[in-house]
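Trainee: I am new to this one. Please take me through a single part of it closely, and show me how that part sits in the whole.

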Amino acid sequence: MPDRKLYLKFVDNDVTGIITLYWDNAPETCKALWGALEKPIRWPATHAMFSGPEIMMGLPEENRNFDPTKLPPENQTVLPDPGELLWFYQPKNFFKIDPTEFWEIGLFYAAGGRTFGPTGWIPCTYFGRMTENLEGIAAQCRLIRTEGAKVVEIGRLS
């Protein structure tokens, strides 16, 4: 399945990056997210508060076609490389400061990232890496810090 890739696009500025999935190291997560992205999603990406150079996107309810509690920990770290994408499921009442459920896809766009949150270090599953146009995507990610959320589309590369 190495030929199955995703794209991430900043909709308003038409900037796209290509994501190579970690099928060998995170097969169950790749399979779940590949299935969830049968229809592309659009989500207002926000900048992380605790993690450094990371943008965060949710998975809309209509794309939630798998049980996130059944995914095993795969390819986990707290120190991602630039371009890596994470999967993180936040069940209801997980964080004291945010009791909502959240299905997160995150992109680390530069060095110095870490998965550190309000409860401390949080190992996350890394399911892919942006292998084309990380530089262009990173420039858009940096704008979120000063301009606010930007709509991102994620889908299967056809």
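Among contacts in the protein chain between residues at least 6 apart in sequence, what percentage join residues at least 24 apart? And what does helix 1 pack against?

Mentor: Keep in mind that this is a predicted model. Your percentage is 71%: that share of the contacts between residues at least 6 apart in sequence joins residues at least 24 apart.

Now helix 1. It covers residues 27-36. Its buried residues are T29, C30, A32, L33, W34 and A36. Look at the spacing as you turn the model. An α-helix has 3.6 residues a turn, so residues three or four places apart point the same way.

What do these buried residues meet? Strand 1 (5-10) and strand 2 (15-21) are among their partners.

Step back to the whole chain. There are 2 helices and 11 strands. From the N terminus, the order is β-β-α-β-β-β-β-β-β-β-β-α-β. The radius of gyration is 14 Å, close to the 15 Å of the globule rule for 158 residues, so the chain is as compact as a globular protein of that length. Along the principal axes, the C-alpha atoms fill a box of roughly 35 × 35 × 30 Å.

Of the 158 residues in the chain, 48% are buried. The accessible surface is about 8100 Å², and carbon and sulfur atoms account for 51% of that.

Technical notes: Residues are numbered from 1 along each chain as its sequence is written. This is a predicted model: local features need pLDDT of at least 70, side-chain atom pairs count only at pLDDT 80 or more; totals for chains, interfaces and linings use all residues. Side-chain values use heavy atoms; hydrogens and water are left out. Buried means under 20% relative accessible area, exposed over 50%, partly exposed in between (1.4 Å probe, protein chains only). Helices (H or I, at least four residues) and strands (E, at least two) are DSSP runs, numbered from the N terminus. Contact means heavy atoms within 4.5 Å. The radius of gyration is taken over C-alpha atoms; the globule rule is 2.2 Å times the number of residues to the power 0.38. Accessible areas come from the Shrake-Rupley method with a 1.4 Å probe; for residues, only the protein chains shown count as cover.
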